[in-house]
Amino acid sequence: MHFKFRGIATLVLLASLVTLAVCGCVSGSETSSEATTSTTTDTTNNTNTTSTASEAYTQSGGTETSSNQAFIASNTDENGIKVTNGGTFTLSNSTVTKTGDTSSNDNSDFYGLNAGVLAESGSAIELTNCTVTTNANGANGVFATGSGSSVTLSNVTINTSADGSRGVDATQTGNITCTDVNITTVGQYCAAIATDRGNGNINVTGGTMNTAGDGSPGIYSTGNITVSDSVITATGSEAVVIEGKNSISLTNVTISGEKKCGAMLYQSFSGDAEVGTSSFTMNGGSLNATVGPLFYITNTESIIELKDANLSAASGTLLTASADRWGNTGSNGGVVTFKAENETLNGNITCDNISSVTAMLQNNTTLTGAINANNTASSMNMTLDSTSTWNVTGTSYLTSFTDEDSTLSNIKDNGNTIYYDSNSSTNSWLEGKTYTLTDGGQLTPVTVSQ
């Protein structure tokens with residue numbers, strides 16, 4: 001859960017397997033209560049039956065196909081649809097409605113307790129032209145957990161209204177695939193697209209996602225999330241968050257965050273994410289931050305790679321690496337390698353004294369901004385290729401500086417001074433000299449007093 005300390009869940013959930021006498025399904029494979037009439041195809045036995053379908057559907061093993069159903073789950077800890085033990089369930093043109101709060105937020109977050117739709121223990125669910133609505137605390141919309149578990153969604157609408165209720169969520173290496181899925185969440189800690197403890201894998205193509213609650217980014221990754229051709233808006237949180245050794249990859253995605261920052265890469269040490277390098281990749285599309293830096297890195301190592309994306313931060317800060325409230329004081333800074341290709345970058349790069357930034361501008365990238373203006377960074381490194389330009393807007397301090405253009409004509413200094421560390425071996429090509437730049441500014445060695 002976003003920015004929330006949690007203990008390891010100890011509750012083990014056991015599914016009760018009850019024969020669904022009224023359904024004509026595989027014996028012991030489903031449970032039901034009070035029903036609506038629908039057509040169910042049992043592909044295990046190759047028979048078709050018209051029967052009374054359950055309001056809350058549970059299947060253990062077997063293969064079932066249904067359509068035109070209305071599943072309703074109103075009890076505490078009850079799933080609208082739950083498929084276990086390697087079962088396969090295909091559903092179309094139907095609705096799932098979930099009310100009734102969870103008894104355990106951890107078990108909802110980690111294992112899908114109380115979710116609208118849940119695939120676990122190697123099971124597979126496929127929904128087409130369906131709507132999933134939850135209005136209860138700890139009621140995620142669609143959830144996949146456990147090795148081999150998967151949910152495939154096509155033309156599905158997901159709405160969640162209460163806290164701790166993500167749109168789609170995968171944990172413990174579960175998998176979710178979304179095509180043209182529209183998601184809206186309102187509560188706190190309700191990312192539209194999320195993974196949680198034990199990693200998860202989510203692939204999204206198309207669709208529109210909107211989140212409104214505090215701590216509810218458009219995307220929250222403690223696993224591997226890939227999104228393409230979607231529109232994502234977070235009005236109460238960051239656009240994206242990556243925790244620990246995990247990734248988000250965006251292609252032609254329009255995404256924005258209106259609180260805190262644009263993209264946050266961090267490690268909470270809550271146990272939800274392995275410690276390691278966070279990875280954010282963006283190709284095309286746009287990323288906008290209404291407040292704060294566009295990118296914020298704390299208490300983790302990270303790689304950010306951008307190509308052909310439209311980026312904007314109203315604050316005027318492109319990137320900040322800094323210590324925050326997570327981790328051990330004195331060793332909880334951010335470490336980031338920032339690579340940009342064919343980008344127009346606007347904003348300053350800032351860094352505190354236990355953090356470091358390596359910025360690499362390539363293939364016709366332009367940066368307009370100052371770098372490490374307060375000379376606070378533990379390490380600030382800059383590399384320009386011969387096709388890229390730095391438009392300097394204020395005094396800047398670099399630990400190391402590499403420029404493929406030895407004439408330095410790709411630095412538009414605007415009369416500003418750039419200081420470099422003459423003791424760094426990377427800067428040996430500068431020979432400790434001072435260079436006068438095009439507009440009268442200088443590239444000069446830093447002195448002890450500075």
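**View 1. The surroundings of Ile 125 in the predicted model.** Leaving out residues up to four places away in sequence, Ile 125 touches Ile 81, Val 83, Phe 89, Val 117, Leu 118, Ala 119, Ser 150, Val 151 and Thr 152 (contact means heavy atoms within 4.5 Å). Ile 125 belongs to strand β11, residues 124–128 (strands are DSSP runs of E, at least two residues, and are numbered from the N terminus). Its relative accessibility is 2%, so Ile 125 counts as buried (under 20% relative accessible area, with a 1.4 Å probe and protein chains only). Thr 63 lies 62 residues from Ile 125 in sequence, with 9.9 Å between their C-alpha atoms.

**View 2. The open sheet of 10 strands.** With parallel pairing, the order runs β6-β9-β12-β15-β18-β21-β24-β27-β30-β33 (two strands pair if DSSP finds at least two bridges between them). At the edges stand β6 (70–73) and β33 (310–313); each has a single partner strand, so one side of each is left without a neighbour in the sheet. Looking inside the sheet, β15 (residues 157–160) and β18 (residues 182–185) pair in the parallel sense over 4 bridges, and Ile 158 stands opposite Ile 183 in β18.

**View 3. Ile 193 in the largest nonpolar core.** This core has 84 residues, of which Ile 193, Phe 280 and Phe 295 touch the most other members (a nonpolar core is a set of buried Ala, Val, Leu, Ile, Met, Phe, Trp, Tyr and Cys residues joined through side-chain atoms within 4.5 Å). Beyond its neighbours within four places in sequence, Ile 193 contacts residues including Val 168, Ile 202, Met 209 and Ile 232.

**Notes.** Residues are numbered from 1 along each chain as its sequence is written, and side-chain values use heavy atoms, leaving out hydrogens and water. In this predicted model, local features need pLDDT of at least 70 and side-chain atom pairs count only at pLDDT 80 or more, while totals for chains, interfaces and linings use all residues.

Technical notes: Buried means under 20% relative accessible area, exposed over 50%, partly exposed in between (1.4 Å probe, protein chains only).
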